[in-house]
Every structure is written in structure tokens, then in C-alpha cells.
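User: I would like to learn how to read a model like this one, feature by feature. Please show me the structure before we start.

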Amino acid sequence: MTNLAIAQAAEAINSAKSIVLSCHINPDGDALGSMLGLVHALKALGKDVVPVSHDGVPDIYLWMPGAEFVVRDCDRRDFDLAIVCDTGTTDRIGRAAEAIKSAPASINIDHHVAEGDFGKIRIVDTKASATGELVYRILVEMNTSVTKSIAECLMCAIITDTGSFRYLNTTAETFEIASHLMKCGAVPADISELVFENRTLGSVKLLGRALDSLQLTANGKVAWAHVTAQDFADLDAADAETEGIVNHVRAVRTAQVGVLFREIPGKKVRISLRSREGFDVNKVAQVFGGGGHHLAAGCSAESPLVDAEAAVIAEVVRHLKQNNSTETTDN
Ligand SMILES: [Mn+2]
């Protein structure tokens, strides 16, 4: 990504009258925060703006300023410009795809590793901690005044994707941007509480079930756990309520990789992978048709839970062995 692309994006936004925006399915704080941060800026410019999220706005993000503008579907095909946040492919935006594809101009704003090639203008930087950082850079280019609403949306994007500034993707620039957002009215403590300490009872109990199932393999280097369809039924909980559980799995001292399996009714298994520096979980996720980042990735499998577990853990162990043999050769 270049400064030229940012200038082109600002130009495309300035010349468009109607703009459709979208983000990936099962949206997280970064997907929604970056999309809504833009929405506020575009509305202030008098643009006709429609943000579309296939899965709407999950409960824990409903406080976000502008959440009320988000629609789950859009029949219009008359937009001048389409903007997709936090994914590079229209395969991951669900029902928004047709409206997005119909616009003559398009911008992709993303930080995922090689996730597609959507967008005539591509603001893609895998070193950005969050898509929200890239949105911030565009707003600066546009001389947008960062209102409290914009600041809260972008702060939420950064807080969620950096695990509250703890993950390796956090850079000096992340703090510089966050510092400015705070001066513009976003309070990180409030946002953290709204996002991380705002769990349903079912969600906290699911954490208990998952941790109870935790197992170690490969001399403790791989920690893995699951939530079964029975757990979801017993606790009347949904898959969205498993968010963040995988981080507890990886927290085991010896674990280089943490994996959480969720058995979704209908025989589908969703898998989240987290690693420490030195192990690229994106490579494992890609083997199963998924993707993400080096330290955080996901995929799914259409097989019974035990089979999905066996296949994914075997692949993780295989990559672990490969890593170790590369290290030995390098020495
Ligand atoms: Mn993101």
C-alpha cells in the first residue's frame, strides 16, 4: 500500500455521492469500528451512505455510535462507490456482495494476509494492527475532523484487534493513533469494559466448558479445547458467545499454539487458532480453506468434531515439526 493509494481513496470518496460499505460476516470490533468510523465521516460530508453487515451488529457492539445505521441487506444497485473493510474478498461479505459488486468504483481497506483482490483502489497493509488504523490514515488525508463518534469507533477497532494493545501487531504508530483518538474523546477503559466485560452468562459458562475440555499435546506446545453442540444447547448460547475463549487456551505457559473447536449444529465445526511469535497459524488455516493473520486465524470443517480435531491438530503438529527442523538447519 502506498500514500498514492490513500490519496486515490480520498479522491474517490470526495467525488462519490452515494456509497455502500460492508465488512466481513461474523463482524468483530475492527470490522464494525472501521466501517462505522468511515460512515460518520462520510455522513458529515453529506454523502448518501449505507453500511451493510450480513450478520448485523452483535450485542457487545450495539453501543457503537452509528450501529443504528447498519442494515443486514441492501437491494439498491445505484451506488457510485463501494468500500469493503477488514476483508479482501466479496466471498466473505454475504448478502452485501451484490450491492458492493454493482458500484463502478471500489475501495478495499484491509490488513489481512492475501485474502483476495477486491477493490480498484486497495488500501491493504498487513503491518497495520487494525483496519481502523488504515481508516484513520484515510481520514487524515481527507482532513476530516475526528469527532467523538469517529474516535470511539476507531478506538474500538484498534482495542479489539490488538487485544487491548497487548498483541505483537501493536506498533508505535498504533499508540500515536490511539493517543489522538483519546484526545478526540474516546475512552479506552470504557470501550474495553463494554467489549470485554459485557459477556452473557452463557458466554462465561461456555468458557468454563471449553477450559474443562482443554488438552495438551506435543509436549505441551499445542493446547486445544472444544465447545460441543451439547454445550451450546445446555447453556442456550450461540457461537458468537465463544469470542475470546481461544486466547485463554493459548495462555497455557508451554503452548505455542492454542486451538478452539466449536461444534455448530448441522455437523459443521468452526476452528480458531492463536499462536505465539514464531508459528504462523495462517498457514495451518489455509490448509483447511481458511485464513487470517500469522498469530490469529480461523477455518471450518464439514466433519464430525472428533475428525476435525484430529485433522487440525495433526496439521498443527506437522507445522511445528517443520518449524523445529528449519531452526535446526539454520543453526
Ligand atoms: Mn481486523
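This is a predicted model: local features need pLDDT of at least 70, side-chain atom pairs count only at pLDDT 80 or more; totals for chains, interfaces and linings use all residues.

User: How many helices and strands does the chain have?

Analyst: Helices (H or I, at least four residues) and strands (E, at least two) are DSSP runs, numbered from the N terminus. Here there are 12 helices and 11 strands. The radius of gyration is 20 Å, close to the 20 Å of the globule rule for 331 residues, so the chain is as compact as a globular protein of that length. That radius is taken over C-alpha atoms, and the rule is 2.2 Å times the number of residues to the power 0.38. The C-alpha trace spans about 55 × 50 × 40 Å along its principal axes.

User: What share of the residues counts as buried?

Analyst: Buried means under 20% relative accessible area, exposed means over 50%, and partly exposed lies in between (1.4 Å probe, protein chains only). By that scale, 53% of the 331 residues are buried. The chain exposes about 14,800 Å², and carbon and sulfur atoms supply 50% of that area. The areas come from the Shrake-Rupley method with a 1.4 Å probe; for residues, only the protein chains shown count as cover.

User: What share of the contacts comes from residues 24 or more positions apart?

Analyst: A contact means heavy atoms within 4.5 Å. Among contacts with a separation of 6 or more, 66% join residues 24 or more positions apart.

User: Which residues are the protein donors of the manganese ion?

Analyst: Donors are N, O and S atoms within 2.8 Å of the metal (3.2 Å for Na, K and Ca); water is not among the atoms, so sites may look incomplete. In this model the protein donors are Asp30 (OD), Asp86 (OD), His111 (NE2) and Asp161 (OD), lying 2.1 to 2.3 Å from the manganese ion. Their spacing along the chain reads D-x55-D-x24-H-x49-D. Distant parts of the chain are linked here: aspartate 30 sits in helix H2 (residues 29-44) and aspartate 161 in helix H5 (residues 148-161), 131 residues apart. Aspartate 30 and aspartate 161 are both buried.

User: Where does serine 164 lie?

Analyst: Look at the backbone angle as well as the place. Serine 164 is in the loop between H5 and helix H6 (172-183). Its phi is near 60 degrees, a positive value in a residue other than glycine. At 27% relative accessibility, serine 164 is partly exposed. Phenylalanine 165 lies in the loop between H5 and H6 too. Phi of phenylalanine 165 is near 65 degrees, again positive in a non-glycine residue.

User: Is serine 34 buried or exposed?

Analyst: Read the accessibility, then the partners. Serine 34, in helix H2, has 0% relative accessibility and counts as buried. Beyond residues up to four places away in sequence, serine 34 touches Gly29, Cys85, Thr131, Gly132, Val135, Leu154 and Ala157. The C-alpha atoms of serine 34 and glycine 132 are 4.5 Å apart, though 98 residues separate them along the chain.

User: What about glutamate 11: buried or exposed?

Analyst: Glutamate 11 is exposed, with a relative accessible area of 55%. It belongs to helix H1 (residues 3-15). Its C-alpha atom is 9.6 Å from that of glutamate 141, 130 residues away along the chain.

User: Which residues is alanine 285 in contact with?

Analyst: Set aside neighbours within four places in sequence. Alanine 285 then contacts Leu273, Gly290, Gly291, Ala297, Gly298 and Cys299. This residue of helix H11 (residues 281-287) is buried, with a relative accessible area of 0%.

Terms used:
Residues are numbered from 1 along each chain as its sequence is written. Side-chain values use heavy atoms; hydrogens and water are left out.
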